[in-house]
Amino acid sequence: MRASTARLTNSPIRLSDLVFPQTSRLIHRTRLAFIHLDNLLAFAKRDRDGRVDGYLLAYLPDECLLVFLKKGEAVNAASMHSTGRQVITIGEALQRMRAEVERGELTYAVAPMEQLAWMYQSCVASLAVRQVDPHRPDLLFPALHKEHVTGVVELISNGRVSYLRLEEG
């Protein structure tokens, strides 16, 4: 399967390269053709090993879909695509996954609820994008401290996503 060339909004990072933080992975990146979504969701709801806080991340040709799980129950979904991020219904997310079983891939990861809230919020709210000078990345945190920023900073570097909570900078 050829990796998607779709890029994150205003970024050189390909959507297919995104890796979100997790405490463990129940399903490593696997082609959707080998995943039975209904059985996976039933496992997440009923089996003790599947009833975790976490997310399903589907890599589709033109977008990444996130389905957020609370104790194994799907509670929200979001889409990240080349024109932005948006919240979608869980049914819509599953429908899009089923439509791309031949070209899509899926990961099932465990993550703390606080991180899931940050991931969801990054898709709901308009983001205040701040470019970091690659030659002087050390200037970012003093600037945030000087501005007394309170909130969550999403950092993306080479496809790896990290979250940092700030209180008064």
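This is a predicted model: local features need pLDDT of at least 70, side-chain atom pairs count only at pLDDT 80 or more; totals for chains, interfaces and linings use all residues.
**Entry 1: strands 3 and 4**

I started with Phe68 and looked up what sits across from it: the bridge partner is Asn76, in strand 4. Then I counted the bridges for the pair and got eight between strand 3 (residues 63–70) and strand 4 (residues 73–81). The two strands run antiparallel.

Six strands make up an open sheet, and I read the order as 1-6-2-3-4-5. The pairing is antiparallel. Which strands sit at the edges? I found strand 1 (24–31) and strand 5 there, each pairing on one side only. I also checked the angle between neighbours: on average, neighbouring strands of this sheet are turned by 15° against each other, direction ignored. A reminder to myself on what holds such things together: strands of a sheet pair through backbone hydrogen bonds, either parallel or antiparallel.

**Entry 2: Glu105**

Then I went to strand 6, which covers residues 105–110 and includes Glu105. Is Glu105 buried or exposed? I get a relative accessible area of 16% for Glu105, so this residue counts as buried, the cut-off being under 20%. I looked for a partner for its side chain and found a polar contact with the side chain of Arg29, at 2.5 Å.

**Entry 3: strands 7 and 8**

I moved on to another antiparallel pair, strand 7 with strand 8 (residues 160–166), and counted seven bridges joining them. One of the partners I noted is Val161 in strand 8, which is bridged to Ile156. Strands 7 and 8 form a hairpin, with two residues between them. I checked phi in the turn, and Asn158 has a positive value of about 55°.

**Entry 4: the largest pocket**

Last, I looked at the largest pocket, whose volume comes out at about 1200 Å³. I listed 31 lining residues. Nearest the centre of the pocket I found Ala128, Val129, Arg130, Glu154 and Leu155. For the elements giving two or more residues to the lining, I wrote down strand 5 (84–88), helix 3 (113–124), helix 4 (140–146) and strand 7 (151–157). Which element gives the most to the lining? I find that strand 7 does, with seven residues.

Sorting the lining by class, I get 17 nonpolar, 11 polar and three charged residues.

Conventions:
Residues are numbered from 1 along each chain as its sequence is written. Side-chain values use heavy atoms; hydrogens and water are left out. Helices (H or I, at least four residues) and strands (E, at least two) are DSSP runs, numbered from the N terminus. Buried means under 20% relative accessible area, exposed over 50%, partly exposed in between (1.4 Å probe, protein chains only). A polar contact is a pair of N or O atoms within 3.5 Å; within protein, one must be able to donate a hydrogen and the other to accept it, and residues adjacent in sequence count only if both atoms are side-chain atoms. On a 1 Å grid over the protein atoms alone, a cavity is a set of points where a 1.4 Å probe fits but cannot get out, and a pocket is an open set with protein on both sides within 12 Å along at least five of seven lines; lining residues have an atom within 4 Å of a point. Grid points are joined across faces, edges and corners, and a volume is the space filled by probe spheres set on the points. Ala, Val, Leu, Ile, Met, Phe, Trp, Tyr, Cys and Pro count as nonpolar, Asp, Glu, Lys and Arg as charged, and the others, Gly among them, as polar. Two strands pair if DSSP finds at least two bridges between them. Axes are lines fitted to C-alpha atoms, for helices over the stretch in contact, and angles run from 0 to 180 degrees between N-to-C directions.
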